[in-house]
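Keep the viewer open as you go through the points.

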Amino acid sequence: MIYLRGHHLICLHFFTGEGYNKEFVENLHAVIGRVENENVFVIEGADDICKKCPYLINNVCKDEKEIGEMDKTALDSLNLKTMDNISWDEIKEKLPEFFTHWYEYYCIPCTYLKICSKTSLFKSLRKFSS
């Protein structure tokens, strides 16, 4: 089982192979390699992706307050709560329902927007939500 926090349930769909550093990117590839075949257990706080993040200090993100608020919005948007168990496909199916809101509040100010917007899923969601 894969353990993911709220915003990773959304943002991981747009991963293109780039990230903070080599160790972080390798970990993301490993998580993506598993997520299609394993269920996701929704957690609060640091997850399987965070464990290789350079901003994780003593198992807490240096921007935890801001990230925690993003996680809450993600879970509300996906109609999920911590300790839920869900498949990756079920999460993906829910994205079109709220992506415009997510894009406006979280994608536009994100430093990864140019990278994520190259993915076919991102492009189709933008088209769908326009």
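Predicted model: local features only at pLDDT ≥ 70, side-chain atom pairs only at ≥ 80, totals over all residues.

**Sheet and salt bridges at a glance**

Leu4 has Val42, in β2, as its bridge partner.

- β1 and β2 (residues 40-42) run parallel to each other, paired over three bridges.
- They belong to an open sheet of three strands, ordered β1-β2-β5, and its pairing is mixed.
- β1 (2-4) and β5 (85-86) form the edges, each pairing on one side only.

**Arg5 and its partners**

- Seven salt bridges are found in the structure.
- One of them joins the side chains of Arg5 and Glu64, at 2.5 Å from N to O.
- This pair ties together distant parts of the chain, 59 residues apart: Arg5 sits in the loop between β1 and α1 (6-11), while Glu64 is in helix α3 (residues 64-78).
- Arg5 counts as buried because its relative accessibility is 1%, whereas Glu64, at 24%, counts as partly exposed.
- A network of salt bridges links Arg5, Glu64 and Asp71.

**Two other pairs**

- Lys72 and Asp76 form a salt bridge through their side chains, with an N to O distance of 3.0 Å.
- Both residues lie in helix α3, four residues apart, which is about one turn of the helix.
- Lys72 is exposed, with 53% relative accessible area.
- The side chains of Lys81 and Asp84 also meet in a salt bridge, at 3.2 Å from N to O.
- In that pair, Lys81 is exposed at 54% relative accessible area, but Asp84 is buried at 17%.

How values were computed
Residues numbered from 1 in each chain as written. Heavy atoms only, no water. Pairing = 2+ DSSP bridges. Helix = DSSP H or I, 4+ residues; strand = E, 2+ residues; numbered from the N terminus. Salt bridge = Lys/Arg side-chain N within 4 Å of Asp/Glu carboxyl O. Buried < 20%, exposed > 50% of the residue type's maximum accessible area, 1.4 Å probe, protein only.
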